[in-house]
Amino acid sequence: MKKTGKLLLALFIFITGYAYSYACSNIIITKGASKDGSVMVTYSADSHVLYGELYYRPAMVYPEGSLLKIFEWDTGKYLGQIPQVPMTYQTVGNMNEHQLIITETTFGGRSELYDSTGVMDYGSLIYLTLQRAKTAREAIGVIADLVKEHGYASSGESFSIADKNEAWIMEIIGKGTEIKNGVNVNKGAVWVAIRIPDGYISGHANQSRIDRFPLDDPENCLYAEDVITFAKSKGYYSGPNRNFSFCDAYAPADFGAMRSCEARVWSIFNQLGKGMIGNKKAEAYLDFAMGDNPRNKMPLYIKPAEKVDLKQVADAMRDHYEGTPMDMTKDINAGLYKSPYRLCPLTYKIDGESYFNERPLATQQTGFWLLGQARSWLPDEIGGILWFGVDDAANSALTPIYTNTTRIPECFREGNGGMTEYSPTAAFWLFNRVANFAYLMYDYIHPEIRKAADEFELQSIREVAETDRKALALIENDKDIDGALKVVTDYTNERADKLFGRWQELDKFLLVKFIDGNVKKQNPDGTFTDNGNNAGIPASPVRPGYSDDWKARIKQMTGDQFKTKEVK
């Protein structure tokens with residue numbers, strides 16, 4: 001979710017191809033590709049104006065004839081109203097009580113296909129579908145029906161849609177606005193959905209990725225009946241149906257789409273494929289990721305080098321292209337402290353020529369990020385977990401939120417603070433304060449944060465296994481579902497509270513250790529070394545100074561300006 005002005009965002013996408021710096025990233029892991037047999041989907045909701053909080057909607061029953069008002073997710077603009085269903089399911093963030101997960105990234109696509117009369121925007125589609133569907137296939141049908149009936153009010157969108165057994169990518173775009181007799185005759189959308197084969201992984205990051213697709217395989221591919229004929233009617237495609245490419249027709253990739261968007265997918269595949277993308281070395285697709293060769297498209301999905309676990313998938317979202325030709329800690333913009341963060345906008349001009357900065361998976365303007373985990377071997381009451389965090393993925397930690405919890409942790413509660421309202425009990429503000437301090441001295445402070453995040457997440461994984469056992473015993477032995485829900489609710493809240501407390505401690509520790517650009521010395525037990533005479537006075541701190549490569553840059557850029565001179 002981006003909560004920026006949608007029309008302005010869309011316009012920027014169409015003009016520059018680089019508005020993707022505001023947008024999101026997804027990784028999809030099928031059952032057969034994960035070590036424990038779970039289906040996983042990650043999501044970073046990246047925006048400079050999105051507040052990190054956890055959306056919670058309990059299951060509800062509505063009287064016949066109820067209507068639901070639709071407000072655009074990004075802007076709050078009222079779009080219209082639709083009939084409400086008799087019953088809705090509980091949703092926690094981007095997951096529901098039946099372990100259905102839906103996330104997104106925006107690809108924009110052709111500007112003329114935006115429908116100004118539509119009622120269903122992409123954000124409303126996500127959260128209404130989570131309230132109305134139990135499985136991924138059912139969710140695809142709900143989305144298709146909603147936009148067909150009420151019109152689609154957003155630009156091109158890629159959805160990750162997964163349940164405890166299957167994972168799909170669905171790509172959708174409107175059909176434009178053509179008013180006749182007061183009605184848009186192009187109401188609705190064209191779309192295609194591809195099931196990721198079991199044992200494979202996929203990802204998308206603000207660029208349409210579905211190329212050619214099978215026309216007669218409903219088990220693995222679903223699509224709007226006019227997805228090809230509409231493209232032909234608009235002049236986007238003229239060849240045989242079997243060669244039709246959704247991404248080429250509706251969102252042809254330019255330099256920005258490859259370098260700023262597909263490069264993130266390349267990074268996902270490179271990490272989890274351990275240097276391989278399908279049967280080729282990752283370097284074989286590097287010219288595509290770097291924007292040089294649009295013909296050399298990557299596959300939609302690949303087999304990972306080995307089955308992956310939850311921690312590996314979460315860590316993949318923390319990437320800044322480290323160890324690749326796009327490594328953001330190595331170029332001149334990294335500065336003295338090798339920071340992989342860049343100021344926005346990511347494009348700029350010098351002497352009339354355009355330049356850019358890389359756009360990685362982990363970025364400072366993240367509102368929240370998550371890893372939805374659906375586990376088919378457990379009952380729905382305890383099977384779904386939304387591993388949830390706020391702010392920059394590389395400098396924060398995920399905590400487990402069972403999706404049948406009956407209470408949301410205070411630090412993530414909706415309304416606890418906002419983008420213009422500081423709250424001392426909100427995780428968003430605490431994590432932002434710690435991360436912003438890290439940006440000042442990144443190569444020294446980030447490792448301390450990463451250590452804390454790793455310890456917390458690994459401990460959480462161990463504790464979740466024990467919590468599962470306790471809750472499952474209550475369901476299987478005592479038929480006590482309420483008792484099981486209490487177990488997972490209590491753990492969800494206790495663990496989130498511990499994360500908040502741990503980050504409060506980390507905030508103070510980092511300030512003490514790294515104040516004024518110095519590094520205090522520590523004893524093996526973590527306490528700070530004193531000067532040997534007075535416990536309140538620390539030993540002389542390490543003063544890192546400039547690295548040799550930074551000194552060389554200073555000399556190169558300034559010549560003799562700062563060279564010492566012998567005065568006679």
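1. The axes of helix H2 (residues 122-132) and helix H3 (residues 136-150) approach within 9 Å and cross at roughly 125 degrees. Axes are lines fitted to C-alpha atoms, for helices over the stretch in contact, with angles from 0 to 180 degrees between N-to-C directions. Helices (H or I, at least four residues) and strands (E, at least two) are DSSP runs, numbered from the N terminus. The model is predicted: local features need pLDDT of at least 70, side-chain atom pairs count only at pLDDT 80 or more, and totals for chains, interfaces and linings use all residues. Residues are numbered from 1 along each chain as its sequence is written, and side-chain values use heavy atoms, leaving out hydrogens and water.

2. H2 and H3 are therefore oblique to each other; angles under 35 degrees count as roughly parallel, over 145 as roughly antiparallel, 65 to 115 as roughly perpendicular and the rest as oblique. From H2, Leu125, Thr129 and Arg132 meet Glu138, Ala139, Val142, Ile143, Leu146 and Val147 of H3. Contact means heavy atoms within 4.5 Å.

3. The largest nonpolar core has 106 residues; Phe159, Ile161, Phe244, Phe246, Tyr250, Phe412 and Trp503 touch the most other members. Such a core is a set of buried Ala, Val, Leu, Ile, Met, Phe, Trp, Tyr and Cys residues joined through side-chain atoms within 4.5 Å. Buried means under 20% relative accessible area, exposed over 50%, partly exposed in between (1.4 Å probe, protein chains only). H3 gives the largest share of this core, eight residues. Apart from it lies another core, of 48 residues, including Met40 and Leu378.

4. Glu448 sits in helix H11 (residues 442-478). It counts as buried because its relative accessibility is 18%. Leaving aside neighbours within four places in sequence, its contacts are Leu506, Phe509, Leu510, Lys513, Phe514 and Gln522. Glu448 and Leu510 are 62 residues apart along the chain, yet their C-alpha atoms are separated by 8.1 Å.

5. Most residues other than glycine have a negative phi, and most peptide bonds are trans. Cys344 and Pro345 are joined by a cis peptide bond, with omega about 5 degrees. Pro345 lies in the loop between helix H8 (310-316) and strand S21 (347-350).

6. Asp351 has a positive phi, near 55 degrees, in the loop between S21 and strand S22 (353-356). Asp351 is exposed, at 78% relative accessible area. Asp516 has a positive phi of about 65 degrees. Asp516 lies between helix H12 (481-514) and helix H13 (548-558), in the loop, and counts as exposed at 71% relative accessibility.
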